[in-house]
Amino acid sequence: MEIKVFSSYKELSSACAKVIIDQVRNFPRSVLGLATGSSPLGLYQELIRDHDVNHTSYKEVKTFNLDEYVGLDKNHPQSYYTFMMENLFNHIDIDLSNVHIPNGCAFDLEQECANYNQLLEKYHIDIQVLGIGANGHIGFNEPGTPFDSTMHLVKLDEKTRRDNARFFSSIAEVPEYAITMGIKNILSAKKILLIATGKNKSEAIFHLVKGTPTPEWPATALQYHDDVVLFLDEEAASLLK
Ligand code: F6R
């Protein structure tokens, strides 16, 4: 595991963006695994800036998002579909038919998970971007999720709902369920870039780097992957010293 610590979020985001831009320039048909949340916002801004300035093209890139809330229409302001459109896809030349975001409003969620799994098996993710929850979740794989899990329906941890309530008008509006790539899907990516900032991520980062692998801290599964790069600010890295 490679650990990079940055003194500013801007530097962190540029360094992370560089890895993705190099990949897309060298391999225009790359497959990217993407995350939502606040952690990758700076990365997406850097990708947009580079697209504007250097014209890096995403025309042939395929993307797979990690997860989606259950029950939010894709056009709901807090759906992950809306997040990705507003924060990245509307600003680059990606072909929307190459964009994959799980459908949290599918009538048959089990079938939706099975279909998404099939796609993930067909298109091998080159680079997976991750954030991390304060409780160590990756995607929406909450504590207790088996490391061999694939795409599945999950009941969100109360802590995760509280953490995400900042995006909704009240906690009651935060969906109770989500569908998410499983830990096995995440570990199948060729390369993983994990972004974490702020003191409230420091305990999860400590377990990820120094802890014994355990489903109680889902991110510890990343210790089994041989190409993981952590992009941390000083606060997130503060317990590693
Ligand atoms: C988002 C996701 C989550 C977030 C995590 C951190 O697609 O899968 O695991 O990465 O909850 O969220 P932020 O970055 O908002 O702190």
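A residue counts as buried under 20% relative accessible area, as exposed over 50%, and as partly exposed in between, using a 1.4 Å probe and the protein chains only. By this scale E176 is partly exposed, with a relative accessible area of 40%.

The structure is a predicted model, in which local features need pLDDT of at least 70 and side-chain atom pairs count only at pLDDT 80 or more, while totals for chains, interfaces and linings use all residues. Residues are numbered from 1 along each chain as its sequence is written, and side-chain values use heavy atoms, with hydrogens and water left out.

**Salt bridges**

A salt bridge is a side-chain nitrogen of Lys or Arg within 4 Å of a carboxyl oxygen of Asp or Glu. The whole structure contains nine salt bridges. The table lists some of them.

| Pair | N to O distance |
|---|---|
| E46 and K10 | 2.8 Å |
| K155 and E176 | 3.3 Å |
| R161 and E158 | 3.3 Å |

Helices (H or I, at least four residues) and strands (E, at least two) are DSSP runs, numbered from the N terminus. E46 and K10 form a salt bridge at 2.8 Å, N to O. This pair links distant parts of the chain, since E46 belongs to helix α2 (residues 41-54) and K10 to helix α1 (residues 9-26), 36 residues apart. E46 is buried at 8% relative accessibility, whereas K10 is exposed at 52%.

The side chains of K155 and E176 also meet in a salt bridge. K155 lies in strand β7 (residues 152-155) and E176 in the loop between α5 (158-164) and β8 (177-180), so the pair ties together parts that are 21 residues apart in sequence. K155 is partly exposed, at 47%.

R161 and E158 are three residues apart in helix α5, and therefore about one helical turn separates them. R161 is buried at 8% relative accessibility, while E158 is partly exposed at 41%. Elsewhere, salt bridges with shared partners join K10, E46 and R49 into one network.

**The ligand**

There are 13 residues around the ligand (a heavy atom within 4 Å). Those that come nearest are S39, D67, H137, G139 and K201. An oxygen atom of the ligand lies 2.5 Å from an N or O atom in the side chain of S39, and one lies 2.6 Å from an N or O atom in the side chain of K201. The protein covers 94% of the 410 Å² of accessible area that the ligand has on its own, by the Shrake-Rupley method with a 1.4 Å probe.

Conventions. A polar contact is a pair of N or O atoms within 3.5 Å; within protein, one must be able to donate a hydrogen and the other to accept it, and residues adjacent in sequence count only if both atoms are side-chain atoms.
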